[in-house]
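Here is a short briefing on a structure for modelling work. Look through the sequence and the coordinates before reading on.

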Amino acid sequence: MLPQRMKQAITDNPKKLANLIDLVNLPSTLREFVGQSQISRLGCFMRVWSYIKTNNLQDPNNKNMVNCDEKLRSILLGKRQVELVELPALIKLHFPKEPK
Amino acid sequence: MGKVPPSLRSAISTSLMKKQSSLVPASLQSHLVNPIYFPRNTPRKLHPNVPRKPRRIPNRPFSNPPTSWMPRSSSIPSSSTTKAPLDLRFHNSLLQSFASISTVLDSISFLRHMMMSHPSFSPDRSTYHILLAQSCSAPDPTLASVHQTLNLMLTNGFSPDKFTTDIAVRSLCLADRMEHAVELVKELSSKSSKPDTYTYNFLVKHLCKSRDLSMVYGFVDDMRDSFDLKPDLVTYTILIDNVCNTKNLREAMRLVGVLNEEGFKPDCFVYNTIMKGYCVLSRGHEAIGVYNKMKEEGLEPDLITYNTLIFGLSKSGRVKQARKFLGIMTEKGHFPDAVTYTSLMNGMCREGDALGALALLGEMEARGCSPNSCTYSTLLQGLCKSRLLEKANELYGVIKSEDLKLETAAYATFVRALCREGRVAEAYEVFDYAVESKSLTDVTAYTTLESTLKWLKKAKEQGHAI
């Protein structure tokens, strides 16, 4: 079962949870988009997803695709279109693992 | 705090707190503080502002749900204060508020100060109980401050009674000072007052929860040997429940034997507890054995018994028998509730008969039993597992329209099923609903979504069809 395994993963590995919810100093591109200098990865995902929703950026023919506008393009590797599937991965790129 | 008039509040929280150290003698303090904050006629003026409700006690365990062995004593302090003169009640609630933000020593000097400045105020037992509760709930490596309060009580002519013991034990238990609670109970038992059965059982229950079994048995034996305080049926039920929860059913059976030897006749509650033990371990056969034993003993199974049984049978894959018991319980005049149906649906879904479970939902609603979020979550998960995504989607619509919560497992399964079909946007929408309805924490909802998407991407790359 997925959720139990996940719960285990979280309790086993608090670091994983930490890099999801810890506030991180943002690079300038992201700072412009988010409007604040620090945000967590989770918060950033929520921000981007709600930005997509409020601006109706999902492709009307295929809801699984997002047509990026200028602003979104600046933080998602300059792509014209991204799939919703890769959204978390794209956002994760802005939050590199901290060097040990 | 809320009940103290604003003028006093600032006095207590700022100046009094900071200035009043226990090093300053009480007389000097009263001298300092008295003219400013407590003019002679204050109480009379304040009376209209004082709420007449019985005082509320934070950190006291009386918010516990009243079960059969919960104490009558919970009503004692409030009933005694309603009879007490207003003066006493006012001072008590003031002391209570003060105690919630200060140290024990400060509270004691505050009480002394009140007694000196208002000779008409004579503290009674409940006043000292406030101090006692405070000293018990403060984290403290020793029992010194508790002893201090008890001594103070004694010198003022109140010897500890069973309510004193009860309050001390409950406060200590809630502060997770179990060893101290045991020590204090033994001490009080040898000196003045034995705990009553409610206190005793409360302590045993908490010991079971947070300490190991040998300590509990040690305590029970000590109390029996030294103070002639024997465990009763409730104590045994607590013990049996505890060993069942730790899956130690052999010990549970031994306890049932002891129970019989001691001359107690196991009641419905004991049997339900044992049955639960078997059911959680998916041992349906033994659960039915317990049911038959109840019948032999002439005990009438209640709703809980049937619910437990149906839950256990469904869990151990004996759905047919579970259905039979649903029939039996209705015949006996019990009304199956949401728990009954949900357990049964769970069993059916496990067998892969999600459509049957869906039909049961119809039957349930026809009988006037309204499903809860757990029922829907079970069904949603079952439908997804049987790859009936359209039905699942319909059901999700119902959940949404009724504003019900999704459970973690159901949410994860549903998101996964949607993604598998390539309906990622809908999965995002479910994610939004889960967050909005506060079914799950943001973190859980997001981690599930993220890992599902990761899995999907990998599957795509490896060339599996979506």
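Helices and strands are DSSP runs, helices of at least four residues and strands of at least two, numbered from the N terminus. On that basis chain B has 25 helices and zero strands. The model is predicted.

**Chain B overall**
- Chain B has 466 residues, and 51% of them count as buried.
- Take the contacts in chain B with a separation of 6 or more: 68% of these join residues 24 or more positions apart.

**Interface of chain A and chain B**
- Chain A gives 25 residues to the contact, and chain B gives 27 residues.
- The size of an interface is often given as the accessible area lost when the parts come together.
- Here the buried area is about 2100 Å². Carbon and sulfur atoms give 71% of that area.
- Three salt bridges are counted between the two chains.
- One salt bridge pairs the side chains of Lys53(A) and Asp432(B), at 2.7 Å from N to O.
- On the side of chain A that touches chain B, the elements giving two or more residues are H1 (2–12), H2 (14–21), H4 (41–54) and H6 (87–92), each a helix of chain A.
- H4(A) provides the largest share of that side, six residues.
- By class, the side of chain A that touches chain B holds 17 nonpolar, six charged and two polar residues.

**Largest nonpolar core**
- In soluble globular proteins, nonpolar side chains tend to be buried together.
- The largest nonpolar core in this model has 154 residues.
- Leu72(A) and Tyr411(B) have the most contacts inside this core.
- Helix H24 of chain B, residues 424–436, gives the largest share of the core, nine residues.
- Beyond its neighbours within four places in sequence, Tyr411(B) is in contact with Leu406(B), Val430(B), Phe431(B), Ala434(B), Leu440(B), Ala445(B), Thr448(B) and Leu449(B).

**Ser343(B)**
- Ser343(B) lies in helix H19 of chain B, residues 338–350.
- Is Ser343(B) buried or exposed? Ser343(B) counts as buried because its relative accessibility is 8%, and the cut-off for buried is under 20%.
- Setting aside neighbours within four places in sequence, Ser343(B) is in contact with Asn307(B), Ile310(B), Phe311(B) and Ser314(B).
- Ser343(B) and Ala322(B) are 21 residues apart along the chain, with 9.2 Å between their C-alpha atoms.

Note on methods. Residues are numbered from 1 along each chain as its sequence is written. Chains are lettered from A and ligands numbered from 1 in the order in which they are written. This is a predicted model: local features need pLDDT of at least 70, side-chain atom pairs count only at pLDDT 80 or more; totals for chains, interfaces and linings use all residues. Side-chain values use heavy atoms; hydrogens and water are left out. Contact means heavy atoms within 4.5 Å. Buried area is the accessible area (1.4 Å probe) that two parts lose on being put together, summed over both. A salt bridge is a side-chain nitrogen of Lys or Arg within 4 Å of a carboxyl oxygen of Asp or Glu. Ala, Val, Leu, Ile, Met, Phe, Trp, Tyr, Cys and Pro count as nonpolar, Asp, Glu, Lys and Arg as charged, and the others, Gly among them, as polar. A nonpolar core is a set of buried Ala, Val, Leu, Ile, Met, Phe, Trp, Tyr and Cys residues joined through side-chain atoms within 4.5 Å. Buried means under 20% relative accessible area, exposed over 50%, partly exposed in between (1.4 Å probe, protein chains only).
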